[in-house]
Amino acid sequence: MKFIINGGKKIGGEIRVSGAKNLALKAIAASLLSKQEMILNNVPDIEDIKQIIEILKDLGAEIVKNNNSQYKISTKNINKTELNISLAHKLRASIVLVGPMLARFGEVRLPYPGGCVIGRRPIDIFIDGFKALGVEVEESKSGYYFKTQKLKGVKFIFPIVSVTATETLMMAATLAKGKTILINTACEPEILALADYLNSCGAKISGAGTHTIIIEGVNKLSATIFDIIPDRIEAGTFAVLAAATKSDLIIKNCNPANLEVPLLMLKKAGVNFLTGNDNIHMLPSKKIKAINIVTHEYPGLVTDLQAPFTVLLTQAQGMSLVHETIYEGRLFYIDKLNKMGANIILCDPHRIIINGPTKLFGHKIESPDIRAGIALVIASLIAEEKTEIDNIYQVDRGYERIEERLRGIGADIKRID
Ligand code: EPZ
């Protein structure tokens, strides 16, 4: 499937942010920790969620989708401990299922996880963490086999900060025997929200959202109803889109407090906006200034907004440096922006220099991953003439009905087979 986008149209009005993909995936995985029914509201209707739901259904979970965004999940009749190869391979986040599966069933087989091609993405920290919790790990050609008699509380120090490894070990430890202390944990808002969700089911987690998380193991978790927080990456993406298209746009249902550094960088680039408790009003930008950005763990500038920022900086006056510190394969989409008329130099796998401003022109391009994909959509909205973006499955993995929502704010975008 492709997007056909005619750029240069006036963008404006209001756009609503969906639930956070990177919390919903983990909250769905966490429903494996209890035999009771979990109700999740505000789950985004995106491809990655469909994948994890399919994996759970394949294991024997009963899942009902009540309206566009509510899921009722019951895992009481799960009868398998082997994750489906082709489904798990499509989704890197399938590794987060290992924590809850081990806590509940004591064993799980995981095929090699797939996901975005944005760097090496090893899983050594997960493996070391599981071993510390008392898990035996076997690796074969087809993937991993994890087994434990009973997870045991432990002090585990993360060598580097990892979002999903923090979440996976935190989930596993909720049902472990005794106390687990996780040190050097990631502190993304989705981790705090995941801990809130688990605590509302009876878990005893403190310190989530900081670099030390303490979990007192409990025997079981009970039913709960939980609302997924708004997606800060989607909100930040819309803010950059408004800045790049010089639009007056109100971004509704978001939490600006979770976007402090991205908003600061927009301000440094000369973009004006007003923030409310749950909205950001982007004001039409005039002249965009060159800035240097460095991606960093939360609360720093999130790597998932690096590609949209790069597109914005093609419109900035002067030379900008973008330093991607998290992944070594997340800058190669710049070839596509250069095809469209940008002037970006790849200095090394982690650094690019953008010379701006340059006019962008429509081209036939392909979406390499979720975030580069949406960045190319933004580039197409500011480009002259028609752009064709192929492989938009990547965009659908992270953004709900995006063409419909962008049409709602004035974009000329359509989806074709
Ligand atoms: C999460 O990925 C997000 N994914 C990513 O979003 C996001 O880009 C990333 O965090 C950083 O914010 C989900 O939440 C599903 P990490 P994750 O482990 O947890 C290295 C998107 O577009 N590392 O924090 O996989 C790793 O290679 C996605 O929505 C190891 O070396 O990222 C990276 O350099 C893409 N060994 C660094 O840690 C390990 O065992 C941080 O990655 C694990 C990670």
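A backbone N or O atom of Val163 lies 2.8 Å from an oxygen atom of the ligand, a polar contact in the sense of a pair of N or O atoms within 3.5 Å. This is a predicted model, in which local features need pLDDT of at least 70 and side-chain atom pairs count only at pLDDT 80 or more, while totals for chains, interfaces and linings use all residues. Residues are numbered from 1 along each chain as its sequence is written, and side-chain values use heavy atoms, with hydrogens and water left out.

**Ligand contacts and cover**
- A polar side-chain atom of Thr164 lies 2.5 Å from a ligand oxygen atom, and a side-chain N or O atom of Arg330 is 3.2 Å from an oxygen atom of the ligand.
- Of the 830 Å² of accessible area that the ligand has on its own, the protein covers 91% (Shrake-Rupley method, 1.4 Å probe).

**Shell around the ligand**
- The ligand is surrounded by 22 residues, the closest being Ser162, Thr164, Asp304, Ile326 and Arg371 (a residue counts if one of its heavy atoms lies within 4 Å).
- This shell divides into 10 nonpolar, four polar and eight charged residues, with Gly counted as polar and Asp, Glu, Lys and Arg as charged.
- Domain 1 (2–18 + 230–416) and domain 2 (21–227) each give at least three residues to the shell, the bounds coming from an automatic or database domain assignment.

**Backbone geometry**
- Tyr298 and Pro299 are joined by a cis peptide bond with omega of about 10 degrees.
- A cis peptide bond also joins Gly356 and Pro357, with omega of about 0 degrees.
- Asn253, although not a glycine, has a positive phi of about 55 degrees.

Terms used:
A polar contact is a pair of N or O atoms within 3.5 Å; within protein, one must be able to donate a hydrogen and the other to accept it, and residues adjacent in sequence count only if both atoms are side-chain atoms.
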